[in-house]
Amino acid sequence: MRSFFSLALAGAASATVMTANDYDFLNFVATHNKRYDTVEEFNARKEIFAETTRQIAALNHENATSTHGHNKFSDWTREEYEGLMGLKDMPMEQQNAPMHAAPQGYQPQVNGVDWVSAGWTTPVKNQEQCGSCYAFSATEELESVWAITANDKSQLYVLSPQQIVSCSESFGNQGCNGGWYYYAWNYLQTINQDLESVYPYKSGFGTVPACNAQPGGPAGVTPNSTYYYQVNADTASAQSALDGRPLSIAIHAANYSFQTYTSGVITSGCGWIVDHAVQAVGYGNENGTDYFLVRNSWGSSWGDNGYVKIGASTGSIGVCGMYQVMQYVVSAN
């Protein structure tokens, strides 16, 4: 693999004049420690970066509530980026779970809800180059609900998404090729989830090691027919559910609006066909725009330290489709 500097010089030599995009791309490569094998790949990635730059400029021009910028995905092909979408092409079963709906006359908390600031969530994780978002959403949900149910932050364990990725295939999940959080909870009815320190994540490059789960993990799911709830598809029901705990949700993320998000509230620019699993961890209002605070699993360098605010909606689909598959798990403690 040739060094960044030799590739940069070779790429620059092929151009008569260095453009602003050339300089921006060189800075991006250095900032994110990118490495390319050939001059051809260097130039191809530079063109992808230029298209991302155009998309960012358009988004920042069109959107009054959110801001967008470059991140580690700015030189990825659409196929590479969409490979992170672990719900893509995954069939969704008809849900028979009990429904959670906002009680009559419900009013959201005046100052909103933030389970992160309240200390009931673990640090942001990183699924890396594996379509395992479902495993992270399922894990994050169990982590928080386990501790909240016990009312004991000492039981806020950092649990193992790898266990779900490697061990839940017979329950419907497909390793790095996608799955659903409720499939993961089906599996976790049969065995508790290990700590991340005991069963570390190894699928970041897209491979799935054989299952090596051992009995004795610290957290599990109630083994009965009402082990998770489906939240009714409206803003009030989502807010009232979030008053009690975070939620696992599905969104449409295969778009530049989500990919390049840096701050503010996303209110447009994404579709409604869900392809990515995340965790809703609160709600509030920013500059007059109601939002849901959402935790992603792409590391803390993405978005706003790993988080994104998605606007509340008056419809039953939700911004980025987020109202369609909102669920929460019932823990065993």
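This report walks through the nonpolar cores, a surface patch and the salt bridges of a predicted model.

## Ground rules

Local features here need pLDDT of at least 70 and side-chain atom pairs count only at pLDDT 80 or more, while totals for chains, interfaces and linings use all residues. Residues are numbered from 1 along each chain as its sequence is written, and side-chain values use heavy atoms, with hydrogens and water left out.

## Inside the protein

Let's start with the nonpolar cores, meaning sets of buried Ala, Val, Leu, Ile, Met, Phe, Trp, Tyr and Cys residues joined through side-chain atoms within 4.5 Å. "Buried" is under 20% relative accessible area, "exposed" is over 50%, and "partly exposed" sits in between (1.4 Å probe, protein chains only). The largest core has 39 residues, and Tyr81, Ile249, Ile251 and Phe258 touch the most other members. Elements that each supply at least two residues of this core include α5 (133–150), α8 (235–242), β5 (247–251) and β7 (276–286); helices (H or I, at least four residues) and strands (E, at least two) are DSSP runs, numbered from the N terminus.

Ile249 has contacts (heavy atoms within 4.5 Å) with Ser137, Tyr181, His276, Ala277, Val278, Ala280, Val294, Met322, Val325 and Met326, leaving aside residues up to four places away in sequence.

## A nonpolar spot on the surface

On the outside, Trp272, Ile273 and Ile317 make up a nonpolar patch with about 330 Å² of accessible area together. Patch members have over 30% relative accessible area and no salt bridge; like charges are joined within 9 Å, nonpolar side chains (Val, Leu, Ile, Met, Phe, Trp, Tyr) within 5 Å. Areas come from the Shrake-Rupley method with a 1.4 Å probe, and for residues only the protein chains shown count as cover. Trp272 sits in the loop between β6 and β7 and counts as exposed because its relative accessibility is 52%.

## Salt bridges

There are nine salt bridges in the structure, each a side-chain nitrogen of Lys or Arg within 4 Å of a carboxyl oxygen of Asp or Glu. Asp22 pairs with Lys46, with the closest N and O atoms 3.0 Å apart. That pair links distant parts of the chain, helix α2 (residues 20–31) and helix α3 (residues 39–62), and both Asp22 and Lys46 are buried.

Lys309 and Glu286 also meet in a salt bridge, at 2.5 Å from N to O. This one ties strand β9 to strand β7, 23 residues apart. Lys309 counts as buried because its relative accessibility is 17%, while Glu286, at 23%, counts as partly exposed.
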